[in-house]
2 protein chains.
Amino acid sequence: MSTAERRAREKAQRRREILDAARKEFFEHGFSRPTMDDVAARAEVSKGTIYLYFASKEEILAHLLLEGLDLLLSHMEAALAATLSATAEAALRALANAYLDFFQSHPSYFRLIMAFDRGRFGESIPPELFQQVLDESLRGLTLVARTIEAGQASGEFRVDDAWQAAGSVWAALNGVLVLMAHPLRQQMLKSDLQTMFQATMDLVLSGLRAGTVDPADG
Amino acid sequence: MSTAERRAREKAQRRREILDAARKEFFEHGFSRPTMDDVAARAEVSKGTIYLYFASKEEILAHLLLEGLDLLLSHMEAALAATLSATAEAALRALANAYLDFFQSHPSYFRLIMAFDRGRFGESIPPELFQQVLDESLRGLTLVARTIEAGQASGEFRVDDAWQAAGSVWAALNGVLVLMAHPLRQQMLKSDLQTMFQATMDLVLSGLRAGTVDPADG
DNA sequence: GGCGATACTGAACGCCCGGTCATTTACTGA
DNA sequence: TCAGTAAATGACCGGGCGTTCAGTATCGCC
């Protein structure tokens, strides 16, 4: 009996080793360049072995993507948990900073998430994985939307549709990260990512406070 | 003498034909899938001929990219020209709508611009073309920055740094387009691109009017 | 009419790579 | 000890594709 258990443990371990090797390869050399042979060499197994654990190259990437989303979500949830009793604005700032942190600490995961968003996979990965990714994605947006709803309730934010506002906030922050990812942009705008990110957050928060209804009035 | 001129005309014409064929192929099937054989077949020339007019596949894409940027800039400039004597807010809305129009009328050019932004080329294309792309890109941002400066001057907008604000605005609008490009997103947020785009623009404008300095005060 | 120049052609080159499967190796329980 | 099984191997397959270049066709001028 214990033999079977050990076997299962070893199998899981091997799988993890392959995933670790793939992560290193992909994060070091981009998501296209590395070949299955590269990953195999790094994992110190033969190429055939990889296919005993994963159905395809894309499936490996899909698993890494899920890792990244999990990490991002846990960052965001931790940030929210730490500001439970604060104002909605503070909570929203905490969420945004968690996203910025994630971008800076795990740029490759960020790039992978963006690649998925662009439809890099979508075909050719198991629908069940695909659904998981969508669910995680939705959970993230939900955190933002709920925070904005709290701000609506407390009167901090004057917006009609919290989900729409959440979409705008997410789009704006994401937009800054994508835009400023390029060093050339930082040159063009003569400011760095941090500064631009905070400025955008300030702008958006100012908009949320002022509300988009009845611009001239309070 | 006229012979040489005709020759030159014909050469330019052939070049245009190849570019037209490449545009169709790339816009129909994505920027990677089509092969040089596909482009050649579509242009009704042999593959070798293409290399008499372009140095590489990437260079062709770079020229298409420039076309796209030109088109976008002319849209934006036309929009600005039509609102010369209006408020800064109206002008900024006109710019934004021009961008939205561009996205909707020429989605493939938009995707190409985004691909460049991601660094899809950057290596392997002539530095002179690369520089041209950066210049155009900067011109676009300049239009936004100047408009915001006008709003600063007129007192419509309360921001310290017009360029920074321009970056935020650009990032936010770009972010919405990228975010909502996916049909799944529209489902998640239960609203369409148009609505989200306008909502984001409203939010951002509200922020510009309110200013990001001294939040509680006017 | 023929010669040089210019334009064009497409077979061939060189290289890359994801995925498969017959075979070998390692282990285990009787 | 050995047969049965699970795991691992890596040569091989089938395909793809950007780029080159030796050879061919076309044109215009003397």
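Tutor: A salt bridge is a side-chain nitrogen of Lys or Arg within 4 Å of a carboxyl oxygen of Asp or Glu. A:Glu89, A:Arg93, A:Asp202 and A:Arg209 are linked in a network of such bridges. This is a predicted model: local features need pLDDT of at least 70 and side-chain atom pairs pLDDT 80 or more, totals for chains, interfaces and linings use all residues, and side-chain values use heavy atoms, without hydrogens or water. Residues are numbered from 1 along each chain as its sequence is written, while chains are lettered from A and ligands numbered from 1 in the order written.

Student: What makes A:Arg209 and A:Glu89 a salt bridge?

Tutor: Their side chains meet at 2.9 Å, N to O. The cut-off is 4 Å, so the pair qualifies. A:Arg209 sits in helix 10 (residues 193-210) of chain A and A:Glu89 in helix 5 (residues 88-105), 120 residues apart. Helices here are DSSP runs (H or I, at least four residues), numbered from the N terminus.

Student: Why is A:Glu89 called buried?

Tutor: Its relative accessible area is 17%. Buried means under 20%, exposed over 50%, and partly exposed in between (1.4 Å probe, protein chains only). A:Glu89 therefore falls in the buried class. A:Arg209, at 23%, is partly exposed.

Student: How do you know that A:Arg93 and A:Asp202 tie together separate parts of the chain?

Tutor: Start with the contact: their side chains meet in a salt bridge at 3.0 Å, N to O. A:Arg93 lies in helix 5 of chain A and A:Asp202 in helix 10, so the pair joins parts 109 residues apart in sequence. A:Arg93 has 25% relative accessible area and is partly exposed. A:Asp202 has 26% and is partly exposed.

Student: Why can such side chains pair up?

Tutor: Opposite charges can pair when the charged atoms come close. Over all chains, the structure holds 24 salt bridges. Chain B gives an example in B:Arg42 and B:Glu28, at 2.9 Å, N to O. B:Arg42 is in helix 2 (residues 36-43) and B:Glu28 in helix 1 of chain B, so the bridge joins parts 14 residues apart. At 33% relative accessibility, B:Arg42 is partly exposed.

Student: How do you know which residues surround DNA strand C?

Tutor: A residue is near a strand if one of its heavy atoms lies within 4 Å of it. By that rule 21 residues surround DNA strand C, with A:Arg6, A:Lys47, B:Arg14, B:Thr49 and B:Tyr53 the closest.

Student: Which element gives the most to the surface near DNA strand C?

Tutor: Helix 3 of chain B, with five residues. For DNA strand D, helix 3 of chain A has the largest share, four residues.

Student: How do you know that DNA strand D has contacts at both phosphate and base?

Tutor: A polar side-chain atom of A:Thr49 is 2.6 Å from a phosphate oxygen of DNA strand D. B:Lys47 has a side-chain N or O atom 2.3 Å from a base oxygen. A:Tyr53 comes to 2.7 Å of a phosphate oxygen. In total, 20 residues surround DNA strand D. Sugar and phosphate make up 69% of its atoms that come within 4 Å of the protein.

Methods:
Helix = DSSP H or I, 4+ residues; strand = E, 2+ residues; numbered from the N terminus. Polar contact = N/O pair within 3.5 Å; in protein donor to acceptor, adjacent residues only side chain to side chain.
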